[in-house]
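I opened a notebook on this structure and wrote down each thing I looked up. The entries follow in the order I made them.

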Amino acid sequence: MADGHASGVTGNGEADGPSQASPDMPGPASAPLRALRARWRAMSLASGWRFPSDWALPEIDAVCATVMREGVTDQALSGLGRARAAAGAGLAETLADLAALHAATQGSGGTRDAGQLALADVDATPTRFVRVTALAWADVALDQLAHTEVTDALTGLPTAAYLRTRLEELYQRARYDRVAAADRNVLVVLSIDLTRVTGWSRLTSMILAAEGMRAVFTAGESVAAIGTSVLVALADRAQGLGDRAVAVRREVHWRLQQDPDLACASVTVRIVRLRPSVPESCELLHELGRC
(Lines give C-alpha, C1' and ligand atoms only; values in the text may rest on other atoms or scores of the structure.)
Protein backbone atom coordinates (compact mmCIF):
# COMPACT_ATOMS: atom_id res chain seq x y z
CA MET A 1 0.00 0.00 0.00
CA ALA A 2 2.71 2.45 0.93
CA ASP A 3 5.63 3.57 -1.20
CA GLY A 4 7.70 4.19 1.87
CA HIS A 5 7.87 5.57 5.36
CA ALA A 6 8.95 9.10 6.02
CA SER A 7 9.32 8.38 9.70
CA GLY A 8 7.57 6.94 12.72
CA VAL A 9 7.75 7.39 16.43
CA THR A 10 6.32 5.69 19.44
CA GLY A 11 5.37 7.83 22.41
CA ASN A 12 7.49 7.09 25.43
CA GLY A 13 4.91 8.06 28.04
CA GLU A 14 3.58 5.61 30.58
CA ALA A 15 0.13 4.06 30.45
CA ASP A 16 -2.86 6.01 31.64
CA GLY A 17 -2.75 6.98 35.29
CA PRO A 18 -5.66 6.71 37.71
CA SER A 19 -8.65 8.91 37.13
CA GLN A 20 -11.68 9.64 39.21
CA ALA A 21 -14.86 7.61 38.74
CA SER A 22 -18.28 8.19 40.18
CA PRO A 23 -19.72 5.41 42.33
CA ASP A 24 -22.50 4.60 39.88
CA MET A 25 -20.50 4.77 36.65
CA PRO A 26 -17.03 3.22 36.50
CA GLY A 27 -14.53 5.58 34.93
CA PRO A 28 -11.71 4.61 32.56
CA ALA A 29 -9.54 3.65 35.54
CA SER A 30 -12.12 1.18 36.96
CA ALA A 31 -10.52 -2.28 37.09
CA PRO A 32 -13.72 -4.20 36.16
CA LEU A 33 -14.38 -1.81 33.28
CA ARG A 34 -10.82 -2.17 32.01
CA ALA A 35 -11.12 -5.95 32.26
CA LEU A 36 -14.33 -5.99 30.23
CA ARG A 37 -12.87 -3.59 27.67
CA ALA A 38 -9.71 -5.69 27.29
CA ARG A 39 -11.66 -8.95 26.94
CA TRP A 40 -14.04 -7.41 24.40
CA ARG A 41 -11.17 -6.01 22.32
CA ALA A 42 -9.22 -9.28 22.40
CA MET A 43 -12.24 -11.29 21.31
CA SER A 44 -13.16 -8.80 18.59
CA LEU A 45 -9.66 -8.89 17.13
CA ALA A 46 -9.69 -12.69 17.29
CA SER A 47 -13.03 -12.64 15.44
CA GLY A 48 -11.53 -10.74 12.52
CA TRP A 49 -11.53 -7.01 13.34
CA ARG A 50 -9.19 -5.86 10.59
CA PHE A 51 -7.53 -2.75 12.01
CA PRO A 52 -6.67 -2.99 15.75
CA SER A 53 -5.80 0.70 16.02
CA ASP A 54 -9.33 1.85 15.14
CA TRP A 55 -11.23 -0.56 17.42
CA ALA A 56 -11.31 1.72 20.47
CA LEU A 57 -13.65 4.72 20.30
CA PRO A 58 -14.69 7.16 23.04
CA GLU A 59 -18.12 5.53 23.02
CA ILE A 60 -16.60 2.15 23.91
CA ASP A 61 -16.03 3.26 27.50
CA ALA A 62 -19.63 4.50 27.72
CA VAL A 63 -20.91 1.14 26.44
CA CYS A 64 -18.73 -0.73 28.94
CA ALA A 65 -19.90 1.49 31.79
CA THR A 66 -23.56 0.88 30.88
CA VAL A 67 -23.00 -2.87 30.61
CA MET A 68 -21.23 -2.96 33.98
CA ARG A 69 -24.02 -0.99 35.62
CA GLU A 70 -27.20 -2.24 33.93
CA GLY A 71 -26.29 -5.11 31.62
CA VAL A 72 -26.53 -5.09 27.83
CA THR A 73 -29.28 -2.50 27.36
CA ASP A 74 -30.82 -1.12 24.17
CA GLN A 75 -29.06 2.16 24.97
CA ALA A 76 -25.66 0.45 24.99
CA LEU A 77 -26.41 -1.48 21.80
CA SER A 78 -27.63 1.61 19.95
CA GLY A 79 -24.57 3.55 21.06
CA LEU A 80 -22.32 0.81 19.74
CA GLY A 81 -24.11 0.60 16.38
CA ARG A 82 -24.07 4.36 15.85
CA ALA A 83 -20.42 4.72 16.86
CA ARG A 84 -19.28 1.91 14.57
CA ALA A 85 -21.21 3.28 11.59
CA ALA A 86 -19.91 6.82 12.15
CA ALA A 87 -16.34 5.46 12.27
CA GLY A 88 -16.78 3.67 8.93
CA ALA A 89 -17.09 0.06 10.09
CA GLY A 90 -19.27 -2.17 7.93
CA LEU A 91 -22.36 -3.94 9.25
CA ALA A 92 -20.78 -7.40 9.20
CA GLU A 93 -17.77 -6.14 11.13
CA THR A 94 -20.03 -4.32 13.60
CA LEU A 95 -22.11 -7.44 14.27
CA ALA A 96 -18.95 -9.51 14.76
CA ASP A 97 -17.82 -6.92 17.30
CA LEU A 98 -21.23 -7.16 18.97
CA ALA A 99 -20.81 -10.93 19.22
CA ALA A 100 -17.46 -10.36 20.89
CA LEU A 101 -19.10 -8.02 23.43
CA HIS A 102 -21.82 -10.59 24.12
CA ALA A 103 -19.27 -13.37 24.61
CA ALA A 104 -17.10 -11.14 26.81
CA THR A 105 -20.01 -10.52 29.20
CA GLN A 106 -20.98 -14.15 29.62
CA GLY A 107 -20.36 -15.92 32.92
CA SER A 108 -19.15 -13.11 35.14
CA GLY A 109 -19.98 -9.79 33.52
CA GLY A 110 -16.87 -9.78 31.38
CA THR A 111 -14.40 -10.01 34.22
CA ARG A 112 -13.17 -13.60 33.89
CA ASP A 113 -9.48 -14.32 33.38
CA ALA A 114 -8.25 -13.68 29.84
CA GLY A 115 -7.24 -17.32 29.54
CA GLN A 116 -10.89 -18.37 29.83
CA LEU A 117 -12.19 -16.46 26.80
CA ALA A 118 -15.31 -17.88 25.19
CA LEU A 119 -15.59 -17.95 21.43
CA ALA A 120 -17.43 -15.03 19.79
CA ASP A 121 -20.19 -16.48 17.59
CA VAL A 122 -22.44 -14.10 15.65
CA ASP A 123 -25.11 -16.78 15.31
CA ALA A 124 -25.22 -17.16 19.10
CA THR A 125 -25.87 -13.45 19.67
CA PRO A 126 -29.41 -12.78 20.95
CA THR A 127 -31.78 -11.59 18.23
CA ARG A 128 -32.63 -8.42 20.15
CA PHE A 129 -28.97 -7.45 20.35
CA VAL A 130 -28.54 -7.87 16.60
CA ARG A 131 -31.76 -6.02 15.73
CA VAL A 132 -31.11 -2.98 17.94
CA THR A 133 -27.46 -2.67 16.89
CA ALA A 134 -28.19 -3.13 13.18
CA LEU A 135 -31.00 -0.55 13.20
CA ALA A 136 -28.78 2.03 14.92
CA TRP A 137 -25.96 1.29 12.47
CA ALA A 138 -28.33 1.66 9.50
CA ASP A 139 -29.70 4.98 10.77
CA VAL A 140 -26.23 6.52 10.76
CA ALA A 141 -25.15 4.86 7.51
CA LEU A 142 -28.23 6.09 5.65
CA ASP A 143 -27.87 9.57 7.10
CA GLN A 144 -24.28 9.67 5.89
CA LEU A 145 -25.44 8.78 2.37
CA ALA A 146 -28.02 11.55 2.42
CA HIS A 147 -25.85 14.19 4.06
CA THR A 148 -22.24 13.76 2.95
CA GLU A 149 -20.30 16.43 4.79
CA VAL A 150 -17.20 18.05 3.29
CA THR A 151 -15.93 19.45 6.60
CA ASP A 152 -15.09 17.40 9.68
CA ALA A 153 -16.88 19.00 12.63
CA LEU A 154 -14.20 17.99 15.15
CA THR A 155 -11.02 19.17 13.41
CA GLY A 156 -12.43 21.71 10.97
CA LEU A 157 -10.54 19.93 8.18
CA PRO A 158 -12.09 18.74 4.93
CA THR A 159 -13.32 15.13 4.89
CA ALA A 160 -12.55 12.21 2.61
CA ALA A 161 -15.54 13.25 0.47
CA TYR A 162 -13.84 16.55 -0.33
CA LEU A 163 -10.50 14.82 -0.94
CA ARG A 164 -12.12 12.47 -3.45
CA THR A 165 -13.32 15.51 -5.38
CA ARG A 166 -9.82 16.97 -5.34
CA LEU A 167 -8.42 13.69 -6.64
CA GLU A 168 -10.85 13.73 -9.57
CA GLU A 169 -9.67 17.24 -10.44
CA LEU A 170 -6.00 16.27 -10.21
CA TYR A 171 -6.44 13.21 -12.41
CA GLN A 172 -8.41 15.24 -14.95
CA ARG A 173 -5.59 17.80 -15.12
CA ALA A 174 -2.99 15.03 -15.39
CA ARG A 175 -4.84 13.48 -18.35
CA TYR A 176 -4.97 16.88 -20.03
CA ASP A 177 -1.21 17.30 -19.56
CA ARG A 178 -0.57 13.68 -20.60
CA VAL A 179 1.21 12.76 -17.39
CA ALA A 180 0.46 10.36 -14.55
CA ALA A 181 -1.16 11.90 -11.50
CA ALA A 182 1.04 9.75 -9.29
CA ASP A 183 4.11 11.46 -10.79
CA ARG A 184 2.88 14.83 -9.57
CA ASN A 185 1.19 14.19 -6.23
CA VAL A 186 1.42 11.90 -3.22
CA LEU A 187 -0.44 11.35 0.04
CA VAL A 188 1.29 12.20 3.30
CA VAL A 189 -0.56 10.03 5.80
CA LEU A 190 -0.40 10.74 9.52
CA SER A 191 -1.88 8.10 11.82
CA ILE A 192 -2.07 8.05 15.61
CA ASP A 193 -1.98 4.80 17.55
CA LEU A 194 -4.56 5.35 20.30
CA THR A 195 -4.68 1.76 21.52
CA ARG A 196 -3.69 2.79 25.05
CA VAL A 197 -5.80 5.95 25.11
CA THR A 198 -9.33 5.78 26.51
CA GLY A 199 -12.34 8.06 26.66
CA TRP A 200 -12.70 11.47 25.10
CA SER A 201 -8.94 12.09 25.04
CA ARG A 202 -9.05 10.28 21.70
CA LEU A 203 -10.97 13.21 20.24
CA THR A 204 -8.50 15.71 21.68
CA SER A 205 -5.68 13.91 19.86
CA MET A 206 -7.31 14.59 16.49
CA ILE A 207 -7.74 18.28 17.26
CA LEU A 208 -4.06 18.55 18.19
CA ALA A 209 -3.00 16.55 15.13
CA ALA A 210 -5.02 18.84 12.85
CA GLU A 211 -3.28 21.86 14.33
CA GLY A 212 0.09 20.23 13.67
CA MET A 213 -0.78 19.42 10.06
CA ARG A 214 -1.93 23.00 9.44
CA ALA A 215 1.30 24.33 10.94
CA VAL A 216 3.47 22.36 8.49
CA PHE A 217 1.43 22.16 5.26
CA THR A 218 1.03 25.84 4.44
CA ALA A 219 1.65 25.86 0.67
CA GLY A 220 -1.89 25.15 -0.49
CA GLU A 221 -1.93 21.40 0.10
CA SER A 222 -5.30 19.74 0.70
CA VAL A 223 -5.28 18.42 4.28
CA ALA A 224 -8.19 16.19 5.29
CA ALA A 225 -9.45 13.98 8.11
CA ILE A 226 -10.19 10.56 6.60
CA GLY A 227 -10.53 8.37 9.70
CA THR A 228 -10.98 8.41 13.46
CA SER A 229 -7.21 8.70 13.92
CA VAL A 230 -5.90 9.40 10.40
CA LEU A 231 -5.15 12.69 8.64
CA VAL A 232 -3.87 13.09 5.09
CA ALA A 233 -2.18 15.83 3.10
CA LEU A 234 -2.44 15.70 -0.69
CA ALA A 235 0.93 17.21 -1.57
CA ASP A 236 3.17 17.81 -4.59
CA ARG A 237 6.04 15.43 -5.23
CA ALA A 238 8.64 18.10 -4.56
CA GLN A 239 12.12 18.24 -3.15
CA GLY A 240 12.04 18.42 0.62
CA LEU A 241 8.79 16.47 0.98
CA GLY A 242 10.50 13.92 3.22
CA ASP A 243 11.73 16.71 5.49
CA ARG A 244 8.21 18.08 5.79
CA ALA A 245 6.89 14.62 6.63
CA VAL A 246 9.44 14.37 9.44
CA ALA A 247 8.51 17.88 10.56
CA VAL A 248 4.80 17.13 10.80
CA ARG A 249 5.47 13.94 12.77
CA ARG A 250 7.60 15.91 15.24
CA GLU A 251 5.05 18.73 15.43
CA VAL A 252 2.12 16.42 16.21
CA HIS A 253 4.15 14.23 18.55
CA TRP A 254 5.22 17.28 20.55
CA ARG A 255 1.64 18.52 20.86
CA LEU A 256 0.41 15.15 22.08
CA GLN A 257 3.17 14.94 24.68
CA GLN A 258 1.89 18.13 26.33
CA ASP A 259 -1.30 16.29 27.38
CA PRO A 260 -0.67 13.66 30.11
CA ASP A 261 -3.59 11.58 28.83
CA LEU A 262 -2.04 11.41 25.36
CA ALA A 263 1.61 10.85 26.26
CA CYS A 264 1.20 7.13 25.52
CA ALA A 265 -0.04 7.77 21.96
CA SER A 266 2.38 7.25 19.07
CA VAL A 267 2.51 9.00 15.71
CA THR A 268 3.46 7.51 12.35
CA VAL A 269 3.86 9.36 9.05
CA ARG A 270 4.03 7.69 5.65
CA ILE A 271 4.39 8.95 2.10
CA VAL A 272 2.00 6.92 -0.04
CA ARG A 273 1.93 6.86 -3.84
CA LEU A 274 -1.38 7.46 -5.61
CA ARG A 275 -2.94 4.61 -7.58
CA PRO A 276 -3.24 4.65 -11.40
CA SER A 277 -6.94 5.63 -11.46
CA VAL A 278 -9.38 7.76 -9.46
CA PRO A 279 -11.49 4.79 -8.24
CA GLU A 280 -8.35 2.98 -7.08
CA SER A 281 -7.08 6.05 -5.22
CA CYS A 282 -10.49 6.57 -3.60
CA GLU A 283 -10.40 2.96 -2.41
CA LEU A 284 -6.89 3.64 -1.12
CA LEU A 285 -8.25 6.54 0.94
CA HIS A 286 -10.85 4.22 2.46
CA GLU A 287 -8.18 1.67 3.36
CA LEU A 288 -5.88 4.31 4.86
CA GLY A 289 -8.75 5.74 6.91
CA ARG A 290 -9.20 2.40 8.66
CA CYS A 291 -5.51 1.76 9.37
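How many cavities of 30 Å³ or more does the structure hold? I found 1 cavity of that size. The model is a predicted one, and I kept that in mind throughout.

**Entry: the cavity.** I looked up its volume and noted about 40 Å³ of space in the largest cavity. Its lining consists of Trp49, Asp54, Arg84, Ala87, Ala89, Thr228 and Arg290. Sorted by class, I have 3 nonpolar, 1 polar and 3 charged residues in that lining.

**Entry: the whole protein.** I then stepped back to the overall numbers. I recorded 10 helices and 5 strands in the protein. The protein has 291 residues, and buried ones make up 47% of them. I also looked at contacts with a separation of 6 or more, and 75% of these are accounted for by residues 24 or more positions apart.

**Entry: the second largest pocket.** I noted a volume of about 190 Å³ for this pocket. Its lining has 15 residues, and those nearest the centre are Ala219, Glu221, Leu234, Ala235 and Asp236. I asked which elements supply at least two residues each, and wrote down helix H6 (160-177), strand E4 (230-236) and helix H9 (241-257). The largest share comes from E4, with 3 residues. By class I have 6 nonpolar, 5 polar and 4 charged residues in this lining.

**Entry: helix H1.** I checked its length next. H1 covers residues 31-46, which is 16 residues, and at 1.5 Å a residue it should span 22 Å. The C-alpha atoms at its ends are 22 Å apart, so the two values agree.

Which residues of H1 are buried? I listed Leu33, Leu36, Arg37, Arg39, Trp40, Met43 and Ser44. Looking down the axis of H1, I saw that the buried residues fall within an arc of 165 degrees, and therefore they line one face of the helix.

I then looked up what the buried residues of H1 pack against, and noted helix H2 (58-70), helix H3 (74-86) and helix H4 (91-104). Just after H1 I came to Gly48, which takes a positive phi of about 115 degrees.

**Entry: Glu93.** I placed Glu93 in helix H4. Is Glu93 buried or exposed? I have a relative accessible area of 14% for Glu93, and because buried means under 20%, Glu93 counts as buried. Leaving aside neighbours within four places in sequence, I listed its contacts as Trp49, Arg50 and Arg290.

**Entry: helix H10.** I listed its buried residues as Val278, Ser281, Cys282, Leu284, Leu285, Leu288, Gly289 and Arg290. What do the buried residues of H10 pack against? I wrote down H4, H6, strand E2 (185-193), strand E3 (222-227), E4 and strand E5 (266-273).

Conventions:
Residues are numbered from 1 along each chain as its sequence is written. This is a predicted model: local features need pLDDT of at least 70, side-chain atom pairs count only at pLDDT 80 or more; totals for chains, interfaces and linings use all residues. Side-chain values use heavy atoms; hydrogens and water are left out. On a 1 Å grid over the protein atoms alone, a cavity is a set of points where a 1.4 Å probe fits but cannot get out, and a pocket is an open set with protein on both sides within 12 Å along at least five of seven lines; lining residues have an atom within 4 Å of a point. Grid points are joined across faces, edges and corners, and a volume is the space filled by probe spheres set on the points. Helices (H or I, at least four residues) and strands (E, at least two) are DSSP runs, numbered from the N terminus. Ala, Val, Leu, Ile, Met, Phe, Trp, Tyr, Cys and Pro count as nonpolar, Asp, Glu, Lys and Arg as charged, and the others, Gly among them, as polar. The expected span of a helix is 1.5 Å times one less than its number of residues. Buried means under 20% relative accessible area, exposed over 50%, partly exposed in between (1.4 Å probe, protein chains only). The arc is that of the directions from the helix axis to the C-beta atoms. Contact means heavy atoms within 4.5 Å.
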